[in-house]
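Thank you all for coming.

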Amino acid sequence: QARFTRPSSTRYIAVANQKGGVGKTTTTVNLAASFAKHGQRVLVVDMDPQGNASTALGAQHGNGEPSVYDVIEGRKTIAEAVQTCPDFEKLDVVPASINLSGAELEVADMPNRTDLLKTALDEYTKNAKPRYDYIFVDCPPSLGLLVINAMCAVTEMLIPIQAEYYALEGLGQLINTIGLVQEHYNPVLLVSTMLVTMYDRRTLLSKEVFDQVREHYPNIVLNTVIPRTVKISEAPSFAQSVVAYDPRGMGAISYGEAALEISRRSSQVLKTIEARRQGL
Ligand code: ADP
Ligand code: MG
């Protein structure tokens with residue numbers, strides 16, 4: 001039986017990679033569900049206009065439903081938009097709606113345009129009781145203003161890497177963007193975690209990708225890899241995480257192990273972030 005201990009303070013984690021289809025949403029949803037299943041209090045903020053994380057967690061996100069779009073544009077607070085996932089009482093979701101795609105342009109001229117999510121999240125979490133243990137922000141596949149808002153609102157980046165031929169292509173650009181955000185907006189931001197997804201044990205390529213990521217980012221990549229499974233890809237069509245849909249399957253087990261690894265790194269990661277804060 002897995003042992004999870006609560007981190008000493010909230011861990012704020014944006015799940016980002018400008019490539020689409022690498023497993024950002026699947027990772028966000030299933031790590032969040034794994035933590036919630038093991039008694040941790042979790043919030044997922046869906047920053048992708050596609051709303052896939054909202055769907056997979058069973059959140060309502062139709063037209064007229066208060067969403068992160070209203071939050072970003074200051075019409076609603078997070079407290080007004082947040083919903084609880086039907087499968088896990090400790091898992092809350094701020095849903096996204098398709099009109100969020102207009103937000104990048106609509107807020108482009110605002111002086112505080114990079115801090116809209118951070119401001120709303122700070123306001124919400126200072127009153128949230130009990131405090132959240134993990135807050136995940138699921139990012140769209142871009143490096144635009146919504147992603148910058150995510151990077152400014154968190155202290156950690158989690159980068160999912162799909163075990164395929166072009167896996168590391170584009171990673172340099174992502175790391176560059178993170179560097180710019182650190183330089184200009186959020187100096188404490190830490191790339192704390194990488195996770196290899198859609199791993200196929202039968203192929204040499206999967207192992208090569210994992211070895212390569214481990215060589216370049218030895219202390220960042222998790223030892224757990226997420227296998228490619230049919231259940232993982234089916235779960236969203238039942239408006240469920242795979243953790244709820246197929247709790248005994250390899251998908252749920254792997255995400256549970258990844259969550260445990262992330263949990264065990266809490267004190268080290270929080271110490272590093274605090275040291276960065278002190279150094280400013
Ligand atoms: P992103 O959010 O980066 O665009 P998704 O998490 O939506 O990526 O994943 C892209 C597609 O791949 C989705 O259809 C998802 O269900 C599927 N998928 C993700 N991870 C796995 C996996 N480990 N096994 C099988 N299918 C997966
Ligand atoms: Mg996604």
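**The annotated span and helix 1**

The end C-alpha atoms of residues 11-189 lie 12 Å apart, and this span is 36% helix and 16% strand, where helices (H or I, at least four residues) and strands (E, at least two) are DSSP runs numbered from the N terminus. Please keep in mind that this is a predicted model, in which local features need pLDDT of at least 70 and side-chain atom pairs count only at pLDDT 80 or more, while totals for chains, interfaces and linings use all residues. Residues are numbered from 1 along each chain as its sequence is written, and chains are lettered from A and ligands numbered from 1 in the order in which they are written.

As for the record, UniProt, in an unreviewed entry, places the feature "domain: AAA" at residues 11-189; such annotations may be inferred rather than shown by experiment.

Let me turn to helix 1, residues 24-37, where 14 of the 14 residues are buried, so the helix is largely enclosed by the rest of the structure. Here buried means that 20 or more other C-beta atoms, placed from the backbone, lie within 10 Å of the residue's own, with exposed meaning 12 or fewer and partly exposed in between. After helix 1 comes glycine 39, whose phi is positive, near 85 degrees.

Helix 1 packs against helix 12 (residues 250-264) at an angle of about 75 degrees, with the axes 9 Å apart, and that makes the two roughly perpendicular, a word used for angles of 65 to 115 degrees. On the helix 1 side the contact is made by Asn30, Leu31, Ser34 and Phe35, and on the helix 12 side by Tyr255, Gly256, Ala258, Ala259 and Ile262, where contact means C-beta atoms, placed from the backbone, within 7 Å. Six of these residues are nonpolar, three are polar and none is charged.

**Two loop residues**

Arginine 41 sits in the loop between helix 1 and strand 2. Is arginine 41 buried or exposed? With 20 other C-beta atoms within 10 Å, arginine 41 is buried, and, leaving aside neighbours within four places in sequence, its contacts are Lys90, Pro130, Tyr132 and Asp133.

Methionine 47, in the loop between strand 2 (42-46) and helix 2 (52-56), also counts as buried, with 27 C-beta neighbours inside 10 Å. Beyond four places in sequence, methionine 47 has contacts that include Val68, Ala96, Val137 and Cys139.

Key
Axes are lines fitted to C-alpha atoms, for helices over the stretch in contact, and angles run from 0 to 180 degrees between N-to-C directions. Angles under 35 degrees count as roughly parallel, over 145 as roughly antiparallel, 65 to 115 as roughly perpendicular and the rest as oblique. Two residues are in contact if their C-beta atoms, placed from the backbone, lie within 7 Å. Ala, Val, Leu, Ile, Met, Phe, Trp, Tyr, Cys and Pro count as nonpolar, Asp, Glu, Lys and Arg as charged, and the others, Gly among them, as polar.
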